[in-house]
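Please walk through the structure shown below with its sequence at hand.

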Amino acid sequence: QVQLVESGGGLVQPGGSLRLSCAASGSIFRIEGMGWYRQAPGKQRELVATITSGGSTNYADSVKGRFTISRDNAKNTVYLQMNSLKPEDTAVYYCNAGGLGRSGLFGSWGQGTQVTVSS
């Protein structure tokens with residue numbers, strides 16, 4: 001069983017910054033892809049950014065140039081630096097990770113962290 005725990009959400013004014021963290025724990029042999037997704041009220045969950053074990057990244061068009069995803073493989077942790085935040089970035093942000101654990105392949109989600117951008 002692999003658990004993901006997010007932190008770093010909160011309330012921020014438009015134009016502000018937040019940094020989200022997500023730490024994976026459990027019987028992990030190797031984590032391949034890690035990523036961040038978000039879900040706003042009344043909308044479907046959408047991809048924000050992903051990063052491979054080798055460091056290749058992918059971003060949603062809506063966050064390119066403002067958000068940066070990174071990871072620390074030694075700590076099994078992924079980060080999302082969010083700058084120039086807009087009200088439309090308001091959502092619950094979820095961490096996702098996939099890889100190989102003691103029980104075989106896994107794909108896990110965190111519990112989510114609320115990000116609210118408002119003046």
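In which strand is the place of Thr113? The model is a predicted one, and in it Thr113 belongs to strand β11, which covers residues 113-117. Thr113 has a relative accessible area of 11%. Because buried means under 20%, Thr113 counts as buried. Leaving aside residues up to four places away in sequence, Thr113 touches Glu6, Gly9, Leu20, Ala91, Val92 and Tyr93. With Gly9 there is also a polar contact: a polar atom of the Thr113 side chain lies 3.3 Å from the backbone nitrogen of Gly9.

Thr77 is found in strand β8, made up of residues 77-82. Its relative accessibility is 7%, so Thr77 is counted as buried. A polar atom of the Thr77 side chain lies 2.9 Å from the backbone oxygen of Lys75. Apart from residues up to four places away in sequence, the residues that Thr77 touches are Cys22, Ala23, Met34, Ser70, Arg71 and Asp72.

How many disulfides does a search of the whole structure find? The search finds 1. The disulfide is formed by Cys22 and Cys95, with the sulfur atoms 2.1 Å apart. Cys22 lies in strand β3 (residues 18-26) and Cys95 in strand β9 (residues 91-101), so the pair ties together parts that are 73 residues apart in sequence. The angle about the S-S bond is -80 degrees, and the link is left-handed. Are the two cysteines buried or exposed? Cys22 has 0% relative accessibility and therefore counts as buried. Cys95, with a relative accessible area of 0%, is buried as well.

The charged residues come next. Side chains of opposite charge can pair when their charged atoms come close. The structure holds 5 salt bridges. In one of them Asp89 pairs with Arg38, and the closest N and O atoms are 2.9 Å apart. Asp89 is in the loop between β8 and β9, while Arg38 is in strand β4 (residues 28-39), so this pair ties together parts that are 51 residues apart in sequence. Both Asp89 and Arg38 are buried.

Asp89 takes part in another salt bridge, in which its side chain meets that of Arg66 at 2.7 Å, N to O. Arg66 lies in the loop between β6 (57-59) and β7 (67-72) and Asp89 in the loop between β8 and β9, so parts that are 23 residues apart in sequence are tied together by this pair. Arg66 is buried, and so is Asp89.

Definitions and conventions. Residues numbered from 1 in each chain as written. Predicted model: local features only at pLDDT ≥ 70, side-chain atom pairs only at ≥ 80, totals over all residues. Heavy atoms only, no water. Helix = DSSP H or I, 4+ residues; strand = E, 2+ residues; numbered from the N terminus. Buried < 20%, exposed > 50% of the residue type's maximum accessible area, 1.4 Å probe, protein only. Contact = heavy atoms within 4.5 Å. Polar contact = N/O pair within 3.5 Å; in protein donor to acceptor, adjacent residues only side chain to side chain. Disulfide = S-S within 2.5 Å. Salt bridge = Lys/Arg side-chain N within 4 Å of Asp/Glu carboxyl O.
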